[in-house]
Amino acid sequence: MYKILSFLALVCLPLLLANLLIPKPFLTSVGWDPGPAPELAGIYAVNNKLWRSELLGTGKVYGPEDVAVDNVGLIYGGTQDGEIIRIHSDGYVEDWIITGGRPLGLHFDDRGNLIVCDAYLGLLSISPSTEVKVLVDQVDGIPLGFADDLDIGRDGKIFFTDASAKWNQANYMMDLLEGRPYGRFIVYDPELDLATTLLDDLYFPNGVALSSEEDFVLINETWRYRILRYWLSGDRAGEKEIFLENLPGFPDGISSNDLGTFWLAMPTPRIPIIDLAQPRPWLSQFLARLPNAFQPAPVEYGFVLGISESGEILYNLQDSTGEVLKEITSVEEHAENLYMGSLYNDRIGRYSVNNLGRESD
């Protein structure tokens, strides 16, 4: 009993005092019930298939959150320090350009421009000669607070997310713990130079991916563990619905291989203290006021799913140790390889799709 009381005095009391005294934003948190997290069994069974990945740029990049590959095979990633690096075929990591913000989603248009969702600067276009142009920094008179991810249609329209109009990238945990829908899903037409909000009141909209026929687009709502479908054509054009829900982790980036498979990156499995706090606003507010070192942290885990256009789980790729690949935030298929980025890791993973049929790991 004495040891227990000593532990409480040494650990819990300082945390309580810090919670009361450290200046932190006061949240008007709201609750919702996520329900029990699905077990990592069956279609989500634990495995280490990602151990077969080749690692690129290890120790030479920091937080390549999204990855794009150009038409000559150069690999691009946006890093924590505001750079966009590119990796050559011989492994050389080149400092390509500094945006001055935090580049997240990357995608090449049909003219060879790299279109970038920069969390602080908005939607950017970077030419092959590194000329930077701001395409969108506000929509409907509201500044982009957190441009996050994008996809580009064959007609050139750019679909992208503004994850939070209130909380910026450095404070994304506050968005999670407040539990309010501050996000938007937007389309930008470069021919008209016009950005239009398609959906608002979203819970941290993140990854974006068009279907192979471009009749619908998927949008990840990270804090709700689900994927939305927004119809672009047909009888239901302009409508949204839940495509997949109660995922075993936080859905981040998503992409299409244009052949009927979506690739979903989840940087961490569900975090028990977060699931516990979601229906209890007082607990979310308490967690928000803790020092950063004591706030909930991602599990060091690698997690990628392959999903059909009807919502069936086709592939389950994991690194249960997080030693090879962890906190994967993006996955893109290019030339029979999956390229995986991470918000915090120091490498890019490359996984051959030829390994997908192997069962033993």
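Is Arg 347 buried or exposed? Buried, with a relative accessible area of 15%, where buried means under 20%, exposed over 50%, and partly exposed in between, using a 1.4 Å probe and protein chains only.

Quick housekeeping, then. This is a predicted model, where local features need pLDDT of at least 70 and side-chain atom pairs count only at pLDDT 80 or more, while totals for chains, interfaces and linings use all residues. Residues are numbered from 1 along each chain as its sequence is written, and side-chain values use heavy atoms, with hydrogens and water left out.

Okay, charges. Arg 347 meets Asp 346 in a salt bridge at 2.9 Å, N to O; the rule is a side-chain nitrogen of Lys or Arg within 4 Å of a carboxyl oxygen of Asp or Glu. Asp 346 itself is partly exposed, at 23% relative accessibility. Searching the whole structure gives 12 salt bridges. One of them joins Glu 94 to Arg 86, with the closest N and O atoms 2.7 Å apart, and both of those residues are buried.

Another one links Arg 184 and Asp 162, at 2.9 Å from N to O. Arg 184 sits in strand β14 and Asp 162 in strand β13, so this pair ties together parts that are 22 residues apart in sequence. Strands here are DSSP runs of E with at least two residues, helices are runs of H or I with at least four, and both are numbered from the N terminus. Arg 184 comes out at 6% relative accessible area, buried, and Asp 162 at 0%, also buried. There's a network too: Arg 229, Arg 236, Glu 239 and Glu 241 are linked by salt bridges.

Now, which buried residue has no salt bridge? That's Asp 252, whose nearest side chain of opposite charge, Arg 102, is 9.8 Å away; Lys and Arg count as positive, Asp and Glu as negative, and His and the chain ends are not counted. Asp 252 lies in the loop between β19 (240-244) and β20 (254-256). Leaving aside neighbours within four places in sequence, its contacts (heavy atoms within 4.5 Å) include Glu 65, Asn 206, Asn 220 and Thr 329.

On to rings. Phe, Tyr and Trp rings (the six-membered one for Trp) pair if their centres lie within 6.5 Å, and planes under 30 degrees apart count as stacked, over 60 as edge-to-face, the rest as tilted. By this rule we get 15 aromatic pairs. Phe 159 and Phe 185 are stacked, 6.2 Å centre to centre with 20° between the planes. Phe 159 is in β13 (158-162) and Phe 185 in β14 (183-189), so the pair ties together parts 26 residues apart in sequence. Both Phe residues are buried. Trp 263 and Tyr 315 have ring centres 5.5 Å apart and planes at 20°, so that pair is stacked. Here Trp 263 is buried at 1% relative accessibility, whereas Tyr 315 is partly exposed at 29%.

Last topic, the nonpolar cores: buried Ala, Val, Leu, Ile, Met, Phe, Trp, Tyr and Cys residues joined through side-chain atoms within 4.5 Å. The largest has 23 residues, and Phe 146, Met 173 and Phe 250 are among those with the most contacts inside it. Elements giving two or more residues to this core are α2 (172-178), α3 (272-277) and α4 (281-288). The largest share, five residues, comes from α2. A second, separate core of 18 residues includes Leu 218 and Phe 262.
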